[in-house]
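Here's a quick walk through one model, with an eye on how its chains meet and how they are arranged. Have the structure open as you read.

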Protein chains: 6
Amino acid sequence: MQIERNAFIACDCDYSEANTVIFGAPFDSTTSYRPGTRFGSRAIRGESYGIETYSPYQDKDLLDCKIFDAGDPELPMGSSDMALEQIEDIAAEILADGKRPFMLGGEHLVTLGAVRAVHKKYNDLYIIQFDAHADLRDDYLGVKNSHACVMRRCHELVGDGHIYQFGIRSGEREEFRFAAEHTKMHKLTLDGIEKAAEELRGKNVYVTVDMDVLDPSEFPGTGTPEAGGARFGELLNALLSLKELNIVGMDMNELSPPYDPSGISTALSCKLLREMLLMLEA
Amino acid sequence: MQIERNAFIACDCDYSEANTVIFGAPFDSTTSYRPGTRFGSRAIRGESYGIETYSPYQDKDLLDCKIFDAGDPELPMGSSDMALEQIEDIAAEILADGKRPFMLGGEHLVTLGAVRAVHKKYNDLYIIQFDAHADLRDDYLGVKNSHACVMRRCHELVGDGHIYQFGIRSGEREEFRFAAEHTKMHKLTLDGIEKAAEELRGKNVYVTVDMDVLDPSEFPGTGTPEAGGARFGELLNALLSLKELNIVGMDMNELSPPYDPSGISTALSCKLLREMLLMLEA
Amino acid sequence: MQIERNAFIACDCDYSEANTVIFGAPFDSTTSYRPGTRFGSRAIRGESYGIETYSPYQDKDLLDCKIFDAGDPELPMGSSDMALEQIEDIAAEILADGKRPFMLGGEHLVTLGAVRAVHKKYNDLYIIQFDAHADLRDDYLGVKNSHACVMRRCHELVGDGHIYQFGIRSGEREEFRFAAEHTKMHKLTLDGIEKAAEELRGKNVYVTVDMDVLDPSEFPGTGTPEAGGARFGELLNALLSLKELNIVGMDMNELSPPYDPSGISTALSCKLLREMLLMLEA
Amino acid sequence: MQIERNAFIACDCDYSEANTVIFGAPFDSTTSYRPGTRFGSRAIRGESYGIETYSPYQDKDLLDCKIFDAGDPELPMGSSDMALEQIEDIAAEILADGKRPFMLGGEHLVTLGAVRAVHKKYNDLYIIQFDAHADLRDDYLGVKNSHACVMRRCHELVGDGHIYQFGIRSGEREEFRFAAEHTKMHKLTLDGIEKAAEELRGKNVYVTVDMDVLDPSEFPGTGTPEAGGARFGELLNALLSLKELNIVGMDMNELSPPYDPSGISTALSCKLLREMLLMLEA
Amino acid sequence: MQIERNAFIACDCDYSEANTVIFGAPFDSTTSYRPGTRFGSRAIRGESYGIETYSPYQDKDLLDCKIFDAGDPELPMGSSDMALEQIEDIAAEILADGKRPFMLGGEHLVTLGAVRAVHKKYNDLYIIQFDAHADLRDDYLGVKNSHACVMRRCHELVGDGHIYQFGIRSGEREEFRFAAEHTKMHKLTLDGIEKAAEELRGKNVYVTVDMDVLDPSEFPGTGTPEAGGARFGELLNALLSLKELNIVGMDMNELSPPYDPSGISTALSCKLLREMLLMLEA
Amino acid sequence: MQIERNAFIACDCDYSEANTVIFGAPFDSTTSYRPGTRFGSRAIRGESYGIETYSPYQDKDLLDCKIFDAGDPELPMGSSDMALEQIEDIAAEILADGKRPFMLGGEHLVTLGAVRAVHKKYNDLYIIQFDAHADLRDDYLGVKNSHACVMRRCHELVGDGHIYQFGIRSGEREEFRFAAEHTKMHKLTLDGIEKAAEELRGKNVYVTVDMDVLDPSEFPGTGTPEAGGARFGELLNALLSLKELNIVGMDMNELSPPYDPSGISTALSCKLLREMLLMLEA
């Protein structure tokens, strides 16, 4: 009798051989509107058996890659500090073993845990963010470690000009003012990604994909859907344009299965994750 | 202890100070296919706390506007005549107080109540209609005051050439024949809106937005979804192109929350309503 | 090539041979809360192929019965008067042909149309009503022909003491006062049905079953679910206790498929309809 | 133009005249399984217009009561400590004004905030808990202020023998051991409530109703449904048996609308809340 | 009393007069992922009353056509061989009567039954396939007659170069290799359809439309949604470009109503079916 | 980095130490009505983390048991014969290793595969079936290996008087006739289970639980819900009454997650599975 693994399709090599290590961050305690992203990583794994391992976009196959999916840790709902520490520890262990962490959220706050670990290893770190929301508030109802503040916290780590933002179409007026001074924000669309890819050639780059950057028609299953987003093809092309970069960590977050009754958001997540993994692996 | 208002986000100034007054028309008794728009206005208010008050599209903020949301009257299901009278009375009171009515449906028939009031004040009235359906039948199964006839009834008030129709992609053959003679119909797309905006400069204009003009992928939550519709960005641009017009009344209708399981239609409605309100207010 | 009928399972004998004739009344214009019963009769027919024709409760089989299902007329939403007239005409035609009408709602108002026809033929008519709601208001927001008033309108036809009400657990205080004087109301439960059956032996009886008499756990798919209702077994037994009566017409209403996501309400309706038909047919 | 209130049906007297004050606690950050109770209080208000104000169970009418619904505060997701403080402040203000607080959750942790306030005023406090879960863990994944620990935290305030638990049918072995020594736990059913009511005559009693005490068939809309629960009628009778007690505060929690697709849990909550309010008010 | 037919809107002429005959193939036993297409044909008929018979795209009306809808046969779940035989028999009878079969799936495997019948009559047969998936596996888990193999089985009938594939964006690497040698595959988009239409002028052509060729945002209701698909307008134009061809049979499949909670996929299917029928009929 | 198992909660001992071995049978190709049970076993595992390991009913804890969950094999949809062989092989291997197989369906047909293996080892085998449906047809639309025939096939193996049926309330007249002669059928309720348990003391017994034996109010998530079923407490007690028997194999089937929108059926399945496992293990 064999043991059944709970892994993303074809991501079941030995840990020691893996180049990229997937782990989940099933946490959404600070979500201010519609919760449910805690179920995101589990849904992606479960539905991954509905897609193929082969990509006709890149003519590559996951069967040829060395990826290990470590599953989900049990994170303490109600304590963001403890959850972020656990996430940081997992990412740090993967990095210490010379591998690249790929985190599946969860709400966007979890990015802070992974970025802390990556930033400790790579001090001069750049972040590329795909997102509908600026996430640049200083606090949200008094809470500093909130999904709505995650890029502000990251900015405190990586500094001015080190965060590239794409697809942003929602935020307080103050967030847009902050961005004008401190980040490289591209509003409404993904335009400018090729130029950014050129600028970041040779740098250490962390890529965070808040899936609500997509149009709600293609990705309804998220807590705060924002009309007027990017198409799947646009996001795929934007991500593939990063393939020459030195990506030292990556995440994909904000899939909320309870708001995805038809399952198309989860299916899209599986497909895009396959493409991202194939892009990272030679 | 404060009283909690039930208003669209940031639309809570004193009535006396308001330029625009929102009110609901929760009525759908004549809906011939899938009912539920009676819950539209309530859903929009409830979900409005998931969006921001600031618009990066127009760089304006609802916090700077003077808008009052009067809530929903209790309309008698089963009696279109009584419901239309109540709607007309509310709109007339707002107009009498020198303010602009903004009605949230409900089914499209409710537009007739508001247009009657507006037409009494502004005799030479023009109507811009965004819609998937012509709504130009003379009757529907013998019923004259039906959602399927609402623009025909409006035509009886405002006359030939005073109704501009955009996005129309469904109707009986007879409706398209009628339109060819009596209205300015733009089929399938929103093309022609800039030219219409020019023609209507200086006129009194009522704008009615049947949300099913949008593509069902972006707006599934409506009674009669019609494939091949406009994108959010197209509709937003079309509406913003009207900003120089003298808009004396406006409505947004046909959101049916029971058919919006993921909530994206309601979220889009909130966002578009914010943009429309910001467009109306300087 | 045969023509596929759209009929309740096994109810497809020739009209001329039928003892009982089923017809739908897909109307819900006066529903004041959650609409959707217009889809009830269609759902019952469609799902009837998931049940068996044989009843282990009565040891009878629909295959041995003579029942004709006439389908649904197209009723004009928005005009209760016209809809009630159409319903009355259909029931009258069935009665004139010496057959028993069995109507599938729709909202409860449709009972008025059928009762009018039955009452014209059988002047001394008694009504047995299973329902969570008294439906005894004189008007609802000014509307006389409303679902909330249907038994009050029936009372105007059949008079004091001719309406037996069972399972009633919701209403205005005034409705309960009215019932105390004018109807035979059994509150909260179905207790008393056997005694009623005895009293009504030999009378002409119309039976109307508002399915919300059932507990919402067993029948969630209805517009106004009222906790504390009857169990399926209780309602089945209550109905079977009527089998010696002279039932001259019957209806089953208020199934609202949009509020039945698991389908159990529709499945129960099919099963109960089978039992009712088997009870009526020798 | 009138301002529309957002209140539970008929709970709109002036604050100063009210005996009972309703307020919401829309918080669910520590929910470890399926979130969504943050939307509970809002759903109850919105759906309350589908029920009657009159109760045939108690022959009383909300129209005769003096109840004020203060609406929902905006609680900070991600910080249980701040949320509990806000809740305690609201309850304390109501108590200071000589009124009885009635809180609508939200997850069960919110009870701790209200109990803190009530306990400050009434030192010798007894708690009656209706619940499927013991909620007696000392911590949950290291978190002390968790929904799974709320009665343990309350026990630290009110002491041994002051908590009566009914309907408990889930917990760790350790929780049942703790209960055997420190609380009065009635497992599986509500049996023993009359005896408890006698014992508590003349005491200051806080009543907390975790709606998952009900059977999931009647109340599916909750985060952790536990088969084998109480029926609506049983819970109603249990609550009515408390009517002679000196109830100094009360709450109702754990309705999770996202898991209530048919709406029966919300409708039942409205009905039960009406009965509880009528029970409290003479 | 008339018999109510269960037919697609306006497709109710006498069989003897019909040019095109619709029939359903409610079968999905080999679906490897999310089942439910067995309900597709029934849903399309039921919802067809929500669309108009007139097309503003083609300025034609179904009321002017001669189409007969024969309904659904009862196919044996669990036996693909028996089901395919039944389907072949139905198609053969229609062809023998000199009419064009139009089949409504069901899963894509059902195409094999129809193609077998058409191929017997027209030996030199060409197939145009719109699909997200190549469906070119030789077997699936050892099963030869599987939805995933249907075009491979068709290829065995019609031979090299006789299958034109459009919109393909998913498959095993091996399927794409097979296509490179044996079929005319157009990957990712519908580009090339006009050229194909030219090549096929005068040939006998069977057209099979797997609706998952559409983008999941417009067509969520299918078993295996694949992001990056065609828009409704693109597919409509592609189909209309075939209007000069000699189309000897056609099908539309893979609508899965259980995954279409908003109903937009079913509504789109109805509309597209109307357009296809109008395109086939002069 | 540890490997995450995909197992029912606390069923993760080493295979070699296990007394009971769980495995899934994700197959539903012959389901004639509403499919989806293929997702049953996966859903039960995934949701098992929402229940406790401790049972207050039996005062036992899964943490004290030796159970191994082997996960799901990949079964070929469309070929019942191949699927049944695979299932038989798995069960045979478990039996050969001296362990008890516990299978999670899938549709009820899968029971045939397990019973074949068990019957090969234990020739004088008795079966206890809990079910709403007799499942005694000789064939269904010509198919012999159908869910509707599974107990008829089992009867061919174990012979007259060896099958005890409880809760049966649906079937063709012919099935009930067959049962009267060949099986021990208890109609409608679970009455008689204690007496059966006595009769079967010392025999080899296989227990199959079709979850639709439960009332649809408690268990909506199944393909063919039949009103009038057993309560959770009744089924639990019936199962616990078997604890002295020599149970050599067991299964639980027919959970269909797509028809369980609130999740209560899956949650109940998890709880009942815990109780069954605790009952089997000392």
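## What counts as a salt bridge

Before we get to the contacts, one cut-off: a salt bridge here is a side-chain nitrogen of Lys or Arg within 4 Å of a carboxyl oxygen of Asp or Glu. Keep in mind that this is a predicted model.

By that rule, B:R173 pairs up with E:D59, and their closest N and O atoms sit 3.8 Å apart. Between chain B and chain E the count comes to five salt bridges. There are also eight residue pairs in polar contact between these two chains, with both residues at pLDDT 80 or more.

## Where chain B meets chain E

So much for the charged pairs; now the surface as a whole. On the chain B side, 24 residues are in contact with 21 residues of chain E. Together the two chains bury about 1,800 Å², and 54% of that is on carbon and sulfur atoms. Which three residues supply more of the area that chain B buries against chain E than any other three? They are B:Y33, B:R173 and B:A227, which supply 30% of it.

Turning to secondary structure, helix 5 (residues 173-182) of chain B gives the largest share of the side that touches chain E, with three residues. Sorted by class, that side of chain B has nine nonpolar, five polar and ten charged residues.

## A helix tucked inside chain D

Over in chain D, have a look at helix 4 (residues 150-158): seven of its nine residues are buried, so the helix is largely enclosed by the rest of the structure. The buried ones are D:V150, D:M151, D:R152, D:R153, D:C154, D:H155 and D:V158.

What do these buried residues pack against? Their partners, in chain D itself, are helix 3 (110-121), strand 6 (125-130), strand 7 (163-168) and helix 5 (173-182). Just after helix 4, D:G159 takes a positive phi of about 90 degrees.

In general, two copies of a chain are related by a rotation about an axis and a shift along it.

How values were computed. Residues numbered from 1 in each chain as written. Chains lettered and ligands numbered in written order. Predicted model: local features only at pLDDT ≥ 70, side-chain atom pairs only at ≥ 80, totals over all residues. Heavy atoms only, no water. Contact = heavy atoms within 4.5 Å. Buried area = accessible area lost by both parts, 1.4 Å probe. Polar contact = N/O pair within 3.5 Å; in protein donor to acceptor, adjacent residues only side chain to side chain. Helix = DSSP H or I, 4+ residues; strand = E, 2+ residues; numbered from the N terminus. Nonpolar A, V, L, I, M, F, W, Y, C, P; charged D, E, K, R; others polar. Buried < 20%, exposed > 50% of the residue type's maximum accessible area, 1.4 Å probe, protein only.
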